[in-house]
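Good morning, everyone. Please bring up the sequence and the model side by side.

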Amino acid sequence: MVLFSKSVSALSSLSSRAQVKSRTQTFVYGTCKAQGLLDSQDEPVMNMFSTCATLSEKPTKESPLSDMLIDSFGRFHSYLRISLTERCNLRCQYCMPAEGVELTPKPQLLSSNEIIRLADLFVAAGVEKIRLTGGEPTIRKDIEDICLQLSNLKGLKTLAMTTNGITLARKLPKLKECGLTSINISLDTLIPAKFEFMTRRKGHEKVMEAINAAIDLGYDPVKVNCVVMRGFNDDEIVDFVELTRDKPVNVRFIEFMPFDGNVWNVKKLVSYYEMRDKVVAQYAGLIRLQDHPTDTAKNYGIDGHRGTVSFITSMTEHFCAGCNRLRLLADGNFKVCLFGPSEVSLRDPLRSGANDDALREIIGAAVVNLRRIYQIYGLTYVG
């Protein structure tokens, strides 16, 4: 893009930090305006941008860069989800159509070096947890090297991955060596025939093998994500809970929610309350556990069970107030809200030669303008 190349070229020719700051602000304004984050006709938005463009000049007690991760609702975002690929080896009906989705050409996806560089900026600013997602992250051939480099970033406390488990069992020992500290495995049914129907692929046995491999390698807990859909697997809730009886498994029941490409219907939604009631009816010793302020899940223990169960109330009880998540997509686009369509490209300025200061300002501008994004797209903040 001409916008990026001209701006970065000008930035690189400056030696004064004040000049760099001024030109960086211009660069960020152009970037964010081009991505639809700013409205030149809206004076309050311009003032908000002026504030966010100078965030790095406001030192905090912990880090001079940490303001980059504070949004306009006052939330500090310490959790970054990185999509490593758009490709997947399953075709889950609630996730994508049978024919798959149109994929971004490979040259437009982030390289491993670009992922590490951007992740380093986020971790230096205060991100303590990174989760690798997809698509299916284990499809990526350089997954082990990416994990190794990420795990060595100073300040990162948790490196997690969400996977469908199809290829995980054979890759997990090496991934653990490379610093993977937490694992979530998606599994929506314990019945092989249902699995093949839902995912349009075989592989149920491989997923169960992956869960057991994770347990054997000492992951505790092994999180199992289960999207509950009425008429499909809502009759298996108790069976899933039984996985927690003797194993360090945290079963996470997730309310069915709409995504691009799936056929969402409110009639398929099984609410948190209904799911919990099914568990209470079977297990008298359901105990509410203390949740972390940023948890998206409501967590429970059960008397006599080694593992735990959780409910993620994506549809019936939003968790905006505690959300600390940011998202970096495989094509380098940066999202500050899962439910908002707004994205800002970090790939384009990075490839045009933007220095770290410019990248920080772009990130900070996107994060601080979250309130504006909510207004533009008619989203409701639930505090």
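Some ground rules before that. This is a predicted model, so local features need pLDDT of at least 70, side-chain atom pairs count only at pLDDT 80 or more, and totals for chains, interfaces and linings use all residues. Residues are numbered from 1 along each chain as its sequence is written, and side-chain values use heavy atoms, with hydrogens and water left out.

Start with the sheet. Helices (H or I, at least four residues) and strands (E, at least two) are DSSP runs, numbered from the N terminus. Twelve strands form an open sheet with mixed pairing. Its order is S7-S8-S9-S6-S5-S4-S3-S2-S1-S10-S11-S12. Which strands stand at the edges? They are S7 (286-288) and S12 (344-345). Each has a single partner strand, so one side of each is left without a neighbour in the sheet. Two strands pair if DSSP finds at least two bridges between them. S11, residues 333-335, pairs with S12 over two bridges, in the antiparallel sense. There, Phe 334 is opposite Val 344 in S12.

Next, helix H12. H12 covers residues 356-368, 13 residues in total. From first C-alpha to last, H12 reaches 18 Å, close to the expected 18 Å. That expected span is 1.5 Å times one less than the number of residues. Is H12 enclosed or open? Buried means under 20% relative accessible area, exposed means over 50%, and partly exposed is in between (1.4 Å probe, protein chains only). Eleven of the 13 residues of H12 are buried, so the helix is largely enclosed by the rest of the structure. Among them are Leu 359, Arg 360, Glu 361 and Ile 362.

H12 also has a cap. A polar contact is a pair of N or O atoms within 3.5 Å; within protein, one must be able to donate a hydrogen and the other to accept it, and residues adjacent in sequence count only if both atoms are side-chain atoms. Asn 355 caps the N-terminal end of H12, with a side-chain oxygen 3.2 Å from the backbone nitrogen of Asp 357.

Now a loop residue. Where is Asp 188? Asp 188 sits in the loop between strand S4 (182-186) and H7. Asp 188 is buried, at 8% relative accessible area. Contact means heavy atoms within 4.5 Å. Setting aside neighbours within four places in sequence, Asp 188 contacts several residues, including Tyr 94, Asn 225 and Cys 226. Val 227 is also in contact with Asp 188. The backbone nitrogen of Val 227 lies 2.8 Å from a polar atom of the Asp 188 side chain.

Last, the salt bridges. A salt bridge is a side-chain nitrogen of Lys or Arg within 4 Å of a carboxyl oxygen of Asp or Glu. How many salt bridges does a search of the whole structure find? It finds 15. One joins Lys 194 and Asp 235, at 3.2 Å from N to O. This pair links distant parts of the chain, 41 residues apart. Lys 194 is in helix H7 (192-199), and Asp 235 is in the loop between S5 and H9. Lys 194 counts as buried at 18%, whereas Asp 235 is exposed at 57%. Lys 194, Asp 235 and Glu 236 are linked in a network of salt bridges. Another salt bridge joins Arg 140 and Asp 142, with the closest N and O atoms 2.7 Å apart. Arg 140 is buried at 13%, while Asp 142 is partly exposed at 24%.
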